[in-house]
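I opened my notebook for a quick look at this one. Here is what I looked up, in the order I got to it.

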Amino acid sequence: MSKNTGFFEKVYEVARLIPYGRVTSYGAIAKYLGAAGSARMVGWAMNGAGKFPDVPAHRVVNRKGLLTGKHHFEGTNLMQQLLESEGIVVIENQIQEFDTLHWDPVSEL
């Protein structure tokens, strides 16, 4: 088992709490977990989240609201389609009204 397994599970636990129709960033999850400099590690965790259907990885984006992880989803635009099915507007891989939709686990949990 990888030494990252514990951290990845914590990332998945936080991701499972992201409300429907909201998004968060890799960095916000890292900060909540007390690892503020580990946004990239959260990204690695999200890359493997496909094994866990209950982890809404499509709701985790970069700090500017860009769908930087979209290539880890099957199909051409699955990440965008999942977000749009929740009422989130995405134009050119950018979540519109990101500041309004951003869910910050530090202040919300």
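Does Phe-52 count as buried, partly exposed or exposed, and at what relative accessibility? I found 27% relative accessibility, so Phe-52 counts as partly exposed; buried means under 20% relative accessible area, exposed over 50%, and partly exposed in between (1.4 Å probe, protein chains only).

I noted that this is a predicted model, where local features need pLDDT of at least 70, side-chain atom pairs count only at pLDDT 80 or more, and totals for chains, interfaces and linings use all residues. Residues are numbered from 1 along each chain as its sequence is written, and side-chain values use heavy atoms, with hydrogens and water left out.

Next I looked for aromatic pairs (ring centres of Phe, Tyr or the six-membered ring of Trp within 6.5 Å; planes under 30 degrees apart are stacked, over 60 edge-to-face, the rest tilted). I got one pair. Tyr-12 and Phe-52 are tilted, with 5.1 Å centre to centre and 45° between the planes. Tyr-12 sits in helix α1 (residues 5–15) and Phe-52 in the loop between α3 (39–47) and β2 (60–61), so the pair ties together parts 40 residues apart in sequence. Tyr-12, at 3% relative accessibility, counts as buried.

Then I stepped back to the chain. I listed six helices and four strands (DSSP runs, numbered from the N terminus: H or I of at least four residues for helices, E of at least two for strands). Their order along the sequence is α-β-α-α-β-α-β-β-α-α.
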